[in-house]
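The sequence and model are shown below.

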Amino acid sequence: MDRVDGVHMISGSGDMTLRHWDLRTGECIGEPLRGHSDTILWASYSPDGLYIASASFDRTIRIWNSQNGEPIGAPLQGHSHNVNSVAFSMDSSRLVSGSEDRTVRSWKLGIEQNTSETSPEHDFGMTCVAFSRDGTRIISNSEENAIRIW
């Protein structure tokens, strides 16, 4: 779950959908977003509020237009196991993902093609990833309770 503005939130679910919520009323806004083929483990708004990234047991990451709920491009693929966590850089130009396959991927998001780089493996699966505020470092946490800064 992630909040973009303190009033709205996005959540992922075992029913393979994402839902927008109004935190003032507790009501779901609009129709659920569909596109994953398995449980959604993590969902995050971009800092500018324009995009949503979702991570799933289906081993993919999807990018969504937060305004109309439409998927943007094809799913991001590259992890060999479920994707547990995703986070945008502060300028919304990059995405980092952490997976049960023990890797962290840094994705450069673009109009034509999304590209990724893979970090050295942790000893266990990833539980959480983030960018530093200035975007120069990636922070990852794994099931071994180890935090690494890349």
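Which residues lie nearest the centre of the second largest pocket? In this predicted model, they are H20, I29, Y45, S66 and Q67, out of 16 lining residues. A pocket is an open set of points on a 1 Å grid over the protein atoms alone where a 1.4 Å probe fits, with protein on both sides within 12 Å along at least five of seven lines; lining residues have an atom within 4 Å of a point.

Residues are numbered from 1 along each chain as its sequence is written. Local features need pLDDT of at least 70 and side-chain atom pairs pLDDT 80 or more, while totals for chains, interfaces and linings use all residues; side-chain values use heavy atoms, without hydrogens or water.

The second largest pocket holds about 240 Å³ of space. The elements that each give two or more residues to its lining are β2 (8-12), β3 (17-22) and β4 (27-34), and β4 gives the most, with 5 residues. Strands are DSSP runs of E of at least two residues, and helices are runs of H or I of at least four.

| Lining class | Residues |
|---|---|
| Nonpolar (Ala, Val, Leu, Ile, Met, Phe, Trp, Tyr, Cys, Pro) | 7 residues |
| Polar (the others, Gly among them) | 8 residues |

The chain as a whole has 0 helices and 15 strands. Along its principal axes, the C-alpha trace spans about 40 × 30 × 30 Å. Buried residues, those under 20% relative accessible area with a 1.4 Å probe, make up 41% of the 150 residues.

Definitions and conventions:
Grid points are joined across faces, edges and corners, and a volume is the space filled by probe spheres set on the points. Buried means under 20% relative accessible area, exposed over 50%, partly exposed in between (1.4 Å probe, protein chains only).
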